[in-house]
Amino acid sequence: MEFFERFAIYHPSPLIYASMVAIGLVSIAIVVGITYFKKWGYLWNEWLTTVDHKKIGIMYIISALLMLFRGGADAIMMRLQTAVPDNSFLDAQHYNEVFTTHGVVMIMFMAMPFIIGLMNFIVPLQIGARDVAFPRLNAISFWLFFFGAMLFNVSFVIGGSPDAGWTNYYPLASNEFSPSVGVNYYNWALQISGIGTLMTGINFIATILKMRAPGMKLMKMPMFTWASLLTNVIIVFAFPVLTIALLMGTFDRQFGTNFFTSMNGGMDMMWANLFWIWGHPEVYILILPAFGIYSEIISTFSERNLYGYKSMVWSMVLISLFSFTVWLHHFFTMGQNAFTNSIFSITTIAIAIPTGIKIFNWLLTMWKGKIRFTVPMLYSIAFIPLFTIGGATGVMLGIASADYQYHNTMFLVAHFHNVIIPGVVFAVLAGFTYWWPKMFGFMLNEKIGKWAFWFLTIGFCLAFFPMYVTGLDGQARRMYTYSEATGFGPLNMLSFFGAGLMAIAFALIVYNVYYSFRHSPRNVGDDPWNARSLEWATHNPVPEYNFAVTPEVKSSQAFWDQKKHGHKLFDKEYEEIHMPNKSGVPFIMGVLFSIFGFSFIFAIWIGVILSAIGIFACMIHRTFEQVHGFHISVKEIKETEEKFGGADK
Amino acid sequence: MKLKWAFLSLVFTMAIVLTGCEPLLVLNPQGPQAETQANVIWISIATMSVILIIVLAILITVLIKYRASKQSDDYEPPHIKSNPIVEGIIIGFPVLIIIFLGIVSVSSTYKVETTPEGYEDQEPLIIYASSSNWKWHFSYPEEDIETVNYVFIPEDRPIEFKLYSYGPITSFWIPQLAGQKYAMADMVTTLHLAAENPGEYMGRNANFSGEGFAENKFDVTALTQKEFDEWVEDIHQTAEPITEDEFNELLKPGHLGKLTFTGTHLDFSPAPEGEHAGHNHGDASEQEDHSEHSNH
């Protein structure tokens with residue numbers, strides 16, 4: 001009996017049971033639906049076994065959108081709970097679980113996969129490659145992320161969600177203060193998806209360094225590719241720290257070691273250090289690709305070349321280096337001396353220099369341009385002032401003495417949402433809209449998109465700007481309630497209203513996908529935006545082999561060169577194209593990893609051993625597997641190209 | 001255009017709220033440390049506003065002047081190579097701002113980490129503040145008294161709070177007197193402050209520490225030195241001494257009202273500081289083992 005009690009813990013709120021039932025019903029509906037429409041074969045052959053970077057990219061984006069709604073539901077619940085003083089919609093424990101899962105889901109399972117999804121789709125196209133360097137590894141990366149995310153979500157139904165904050169500080173996250181299996185879920189879900197991310201990092205570095213089209217020197221890469229390269233370098237340096245820290249936490253909780261305890265020589269401060277040595281670079285992993293996306297979009301819709309290409313690249317290199325030198329600013333208040341805090345304060349605010357350079361470069365890119373206010377451009381324009389505010393408050397937080405007053409308050413919450421939402425979320429939505437025709441061959445409706453943009457921007461301002469004020473008035477973050485006497489009530493109500501507007505915006509975005517799928521014209525051609533970089537030199541949607549002929553490039557705006565300066569991108573005859581085989585093994589490995597994680601969480605050792613054997617069996621199978629890929633014949637290429645209305649040859 | 005107005009009105013509203021009639025706690029300091037911090041906050045807001053205004057001005061100009069709808073159809077934007085003078089300005093400008101704020105940051109950081117300015121000649125009052133789930137224990141070793149969830153301090157005298165925790169990391173914060181500092185189980189941290197005026201101030205744990213975190217607050221009262229001495233005297237006459245059993249009972253998770261004792265728990269449950277800092281959690285026999293080892 002005791003064994004089963006660990007799986008089904010008691011919840012005081014009927015709301016949770018209702019959501020569990022809803023999750024169950026939706027899952028059954030999906031299975032029934034797929035069976036009814038006889039789509040299992042299609043799903044398996046076209047998606048689950050694919051190694052095509054484009055399909056993997058799309059799957060990343062779909063998963064990220066799903067997680068956006070999970071994390072968004074958490075956010076709405078938090079805002080609702082704190083909208084009025086002494087509210088009892090959620091109790092303290094439930095609220096703690098909600099903000100913990102909100103943080104983890106939004107960072108790890110929404111923002112990062114969205115960014116990686118766009119990277120997957122766009123980077124090989126921007127460099128004129130057929131796929132990533134290791135397509136099979138790419139599929140494993142995706143399935144590890146996906147099953148890590150699913151495992152994390154299972155915690156809601158079975159065993160209880162983590163409740164120690166997304167920062168998961170020890171000793172709060174230790175067995176003593178967090179006895180449910182929630183933190184075990186945190187450890188294993190992040191571990192499994194983190195391994196996937198690390199593989200992505202290696203894969204993309206190899207892809208970008210080795211697979212660029214002839215003529216594309218490093219300093220002739222499109223800006224998004226540059227951003228992706230640096231991001232993946234950060235991933236490769238930062239993620240092993242998380243892997244080890246999570247493993248140490250797992251050992252503490254499950255095998256009684258004392259890495260992060262305050263007894264027997266353990267040290268709780270070590271977790272904070274390790275977490276942020278990964279955690280700070282992590283936020284640059286999110287923001288650098290966003291900078292890349294904005295660079296592409298601002299340049300396209302201003303019809304101008306990107307101003308200061310070299311300084312753009314060098315400032316990103318500097319940001320990447322600095323990202324590893326600032327982690328201590330997440331705990332200026334941990335008792336270091338003034339000298340240590342001063343050093344980290346200076347490194348922190350120094351990041352504003354390369355970031356400021358980029359802001360001015362974007363402004364100068366619009367200078368003398370011909371600015372078209374499309375949906376992607378609207379997001380990029382709103383990004384500039386809003387991100388400047390977020391950056392400015394970041395500099396304010398970086399001043400160590402003043403941070404003693406901002407730390408752990410709503411001011412901090414306002415700041416990081418102020419950089420992540422206009423920075424990352426606006427970027428992925430802009431990129432999503434901008435590259436949508438590249439993925440599916442039709443456009444998203446501009447009118448609905450603009451409505452969504454305004455709802456999101458105004459909602460964002462109303463939701464987060466009041467927090468700067470309540471933070472300075474003494475509202476600590478992560479408080480599930482507050483008394484009326486504090487006077488936080490009206491501004492928190494305003495925040496809730498803003499969050500509501502943002503929810504409407506996301507609903508509109510989903511509706512836009514549905515509406516455009518039904519009503520958008522399908523003959524948008526290959527260049528609907530009058531774009532500049534190489535990914536637009538192939539068809540919409542992109543054929544399986546990306547480019548019929550490998551392009552020859554002479555600048556960072558290869559497609560523009562072809563359109564305006566008569567540069568010949570494709571000056572070769574068709575040749576047979578070698579493509580990688582698809583494989584079901586990555587998916588199976590993902591399933592095995594999730595069984596491994598789940599068994600480990602509940603210390604079911606037989607499950608751990610069996611799934612570990614399965615994982616190794618998959619690897620051994622791969623070692624002896626004889627697959628050489630397949631070839632697309634010249635005839636097939638010709639047929640496909642003719643179907644798209646003739647190649648540019 | 002719409003964007004510009006929406007944005008300007010937001011900045012405007014924020015300015016009104018920020019400077020509104022009820023001053024915000026952090027910007028209404030009642031002691032030298034909090035005042036230093038409030039000044040730094042105002043300086044940085046002012047500096048950052050300059051940047052924001054410049055960025056906005058350029059953005060609005062560009063959007064108005066170079067909209068596609070204002071240009072002829074055959075206008076082709078030029079290819080503009082980067083100009084070293086322009087690049088120098090956009091690099092130099094942020095560098096200057098950061099040098100300025102760097103100086104502000106370093107000087108103020110040293111300032112808040114020492115005895116408050118103007119109080120260097122006075123002997124500081126030392127108070128140990130330790131957190132347990134979800135309470136604060138205040139021990140006055142010199143006065144030999146202990147309180148729970150409230151603290152009385154004399155005004156115009158430097159105070160040193162020695163912070164540590166019997167559980168998760170917490171953060172000791174009295175917004176109107178000084179910024180916050182962590183209290184941890186294996187190390188003692190020090191927070192310097194002084195109160196310039198008598199009065200009641202809000203104090204709380206700012207770092208999430210589990211279920212009872214929201215209510216993990218304490219009241220701070222600043223009294224004149226004379227009133228403070230009377231208060232101490234009064235406690236010695238009326239309160240019961242704290243015992244080890246009773247203290248262990250207090251440590252159990254939960255909320256308590258305000259309590260007062262004579263004596264301090266430091267006698268039987270010392271703070272993790274000094275020679276054995278961070279290592280005096282083991283039992284006595286273990287420590288003996290250590291000394292034997294060192295004899296070899």
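Q: Starting with the six-strand sheet in chain B, what is the strand order and what kind of pairing does it have?
A: In this predicted model, the six strands of that open sheet in chain B run in the order β8-β5-β1-β2-β3-β11, and their pairing is mixed.

Q: Which strands stand at the edges there?
A: The edges are taken by β8 (189-193) and β11 (259-262) of chain B, and because each has a single partner strand, one side of each is left without a neighbour in the sheet. Direction ignored, neighbouring strands of this sheet are turned by 20 degrees against each other on average.

Q: And in what sense do β2 and β3 of chain B pair?
A: Strand β2 (residues 135-140) and strand β3 (residues 145-148) of chain B pair in the antiparallel sense, over four bridges, and within β3(B) the bridge partner of Y140(B) is I145(B).

Q: Now the five-strand sheet in chain B: what order does that one have?
A: That open sheet has the order β4-β10-β9-β6-β7 in chain B, with mixed pairing. Its edge strands are β4 (150-154) and β7 (178-183) of chain B, each of which pairs on one side only.

Q: Changing topic, how is chain B divided into domains?
A: Chain B is divided into domain 1, covering 2-112, and domain 2, covering 125-286. Between them, 11 residues of domain 1 of chain B are in contact with 14 residues of domain 2 of chain B.

Q: What gives the most to the domain 1 side, and what is that side like by class?
A: Helix α2 (residues 32-65) of chain B gives the most to the side of domain 1 that touches domain 2, with four residues. By class, that side of domain 1 of chain B has six nonpolar, five polar and no charged residues.

Q: Is L101(B) buried or exposed?
A: L101(B), which lies in helix α3 (residues 84-112) of chain B, is buried because 24 other C-beta atoms lie within 10 Å, where the cut-off for calling a residue buried is 20 or more.

Q: What does L101(B) touch?
A: Not counting residues up to four places away in sequence, L101(B) touches I349(A), V395(A) and I399(A) of chain A, together with S44(B) and T47(B) of chain B. L101(B) and S44(B) are 57 residues apart in sequence and 7.3 Å apart in space, C-alpha to C-alpha.

Q: How many residues of chain A are in contact with chain B overall?
A: There are 76 residues of chain A in contact with 78 residues of chain B, and α13(A) gives the most to the chain A side, with nine residues. By class, the side of chain A that touches chain B has 43 nonpolar, 24 polar and nine charged residues.

Q: Last one, what span does α17 of chain A have?
A: Helix α17 (residues 489-519) of chain A has 31 residues and reaches 44 Å from its first C-alpha to its last, close to the 45 Å expected at 1.5 Å a residue. Its buried residues, including F496(A), M502(A) and I509(A), pack against α4 (53-81), α15 (410-440) and α16 of chain A.

Note on methods. Residues are numbered from 1 along each chain as its sequence is written. Chains are lettered from A and ligands numbered from 1 in the order in which they are written. This is a predicted model: local features need pLDDT of at least 70, side-chain atom pairs count only at pLDDT 80 or more; totals for chains, interfaces and linings use all residues. Two strands pair if DSSP finds at least two bridges between them. Helices (H or I, at least four residues) and strands (E, at least two) are DSSP runs, numbered from the N terminus. Domain bounds come from an automatic or database domain assignment. Two residues are in contact if their C-beta atoms, placed from the backbone, lie within 7 Å. Ala, Val, Leu, Ile, Met, Phe, Trp, Tyr, Cys and Pro count as nonpolar, Asp, Glu, Lys and Arg as charged, and the others, Gly among them, as polar. A residue is buried if 20 or more other C-beta atoms lie within 10 Å of its own, exposed if 12 or fewer, and partly exposed in between; C-beta atoms are placed from the backbone. The expected span of a helix is 1.5 Å times one less than its number of residues. Axes are lines fitted to C-alpha atoms, for helices over the stretch in contact, and angles run from 0 to 180 degrees between N-to-C directions.
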